[in-house]
Amino acid sequence: MPGRIKKMGDPTNSFTILAIESSCDDTSAAIIKNGQILSNLIATQTVHEAYGGVVPELASRQHHQQIVPVVDQALESAGVTLRELDAIAFTQGPGLLGSLLVGCSFAKALALSLDIPLIAINHMEAHVLAHFVDEPRPQFPFMCLTVSGGHTQIVRMNGIHRLQVLGSTRDDAAGEAFDKIGKYLGLPYPAGPHVDKLAKEGNPLFSFPKPQVPGHDFSFSGLKTSVLYFLKDRIKKDPDFISKNLKDICASVQKTIVSILLDKLEQAAGREKITQVGIAGGVSANSELRRRFRESSESLGWDVFIPAFQYCTDNAGMIAMAAHYKFEQGVFVEHDVVPEPRLKI
Ligand code: KG4
Ligand code: ZN
């Protein structure tokens, strides 16, 4: 049973939802009341830095430790008590099974004890709905490029919860390309922000081949390999090649990744005749991507949308936004719901 449900469709109805995000290595909780986000707390796990990537078992254990304090702080900073909650939302997938399990089990237990309904949210759908947290909101049809450490996707949105994936990566995500190439360069994990910073002082002197992938799909594993062979070859001739050219290598890699992303986005928006265009996900913080995105918008007449940074990276605020619309529509799940690590839009 979905629990104690407030009457839908009553315009005077006020409702408050606690949302939980635990799909990867950020434990996050947010409170949304009548579509307004009151708090959005994110506890980032630093334990993975020593390993150069997310270690699933460690991520899950950290979620266990952090989920209660993060939820408590989200409630406190919103000035909301558990008894005032009307529903609990959580990320059902996609993500790491062990990480998703923590958020899902916590949400189920709390919803059961408070006798309120549960709302299951698709993480990738929520990244797109992050554009609806603040004004101005996009009009439909809207196109969003979601770029993070785990995903690279172009989505067409015809309405709230009416999303269609037009293209995705066939191998690595764009953020993963930044992180893995950064690792070859000796940069700390996650390397994306370091590459961005170093690239600002460098010039894109080196060129790397762009993959020829049909349609609106992406591929980044070839680029990763070609940078690796390029570095190996140059290091044979000069062992200090990386340290002498670090800024220019970063600028060159960044330029290649960003043009792969923008070329595909321009192509997809042109073919679908869409001028409401957004970017989301952690990589949307990249300064070159933002610059080229704004440049494209000027030449192609797009209205562009980039969520506030706290709603770009993995966060429960975007889960709360998606949950708000599901609550309005009365879309709840039963308590036998399970995480779906490979959940698709
Ligand atoms: O959305 P997010 O916080 O978590 C995932 O769902 O993965 O994205 C993290 C990714 C990492 O790969 C990180 O290196 C990348 O976003 N990233 C950046 C920048 N800031 C974060 N990549 C390039 N430039 C940046 N400024
Ligand atoms: Zn994400």
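## An aromatic cluster

Let's start with the rings: Phe132, Phe140, Phe142 and Phe305 are joined into a cluster by ring pairs. Please keep in mind that this is a predicted model. Across the whole structure, a search turns up 11 aromatic pairs.

One of them is the edge-to-face pair of Phe132 and Phe142, with 6.3 Å from centre to centre and 85° between the planes. This pair links distant parts of the chain, as Phe132 sits in the loop between H3 and strand S6 (142-147) while Phe142 belongs to strand S6, 10 residues apart. Phe132 has 4% relative accessibility and therefore counts as buried; Phe142, at 0%, is buried too.

## A tilted pair

Next come Phe206 and Phe230, whose ring centres are 5.2 Å apart with the planes at 55°, so this pair is tilted. Phe206 is found in the loop between helix H5 (192-199) and helix H6 (221-237), and Phe230 in helix H6, so the two tie together parts 24 residues apart in sequence. Both Phe206 and Phe230 are buried.

## The zinc site

Now for the metal. The zinc ion (ligand 2) has His123 (NE2), His127 (NE2) and Asp314 (OD) as its protein donors, at 2.1 to 2.2 Å. Along the sequence, these donor residues follow the spacing H-x3-H-x186-D. His123 lies in helix H3 (residues 123-129) and Asp314 in the loop between strand S10 (303-305) and helix H9 (316-329), so this pair ties together parts 191 residues apart in sequence.

Definitions and conventions
Residues numbered from 1 in each chain as written. Chains lettered and ligands numbered in written order. Predicted model: local features only at pLDDT ≥ 70, side-chain atom pairs only at ≥ 80, totals over all residues. Heavy atoms only, no water. Donors = N, O, S within 2.8 Å, 3.2 Å for Na, K, Ca; no water. Helix = DSSP H or I, 4+ residues; strand = E, 2+ residues; numbered from the N terminus. Phe/Tyr/Trp six-rings, centres within 6.5 Å; stacked < 30°, edge-to-face > 60°. Buried < 20%, exposed > 50% of the residue type's maximum accessible area, 1.4 Å probe, protein only.
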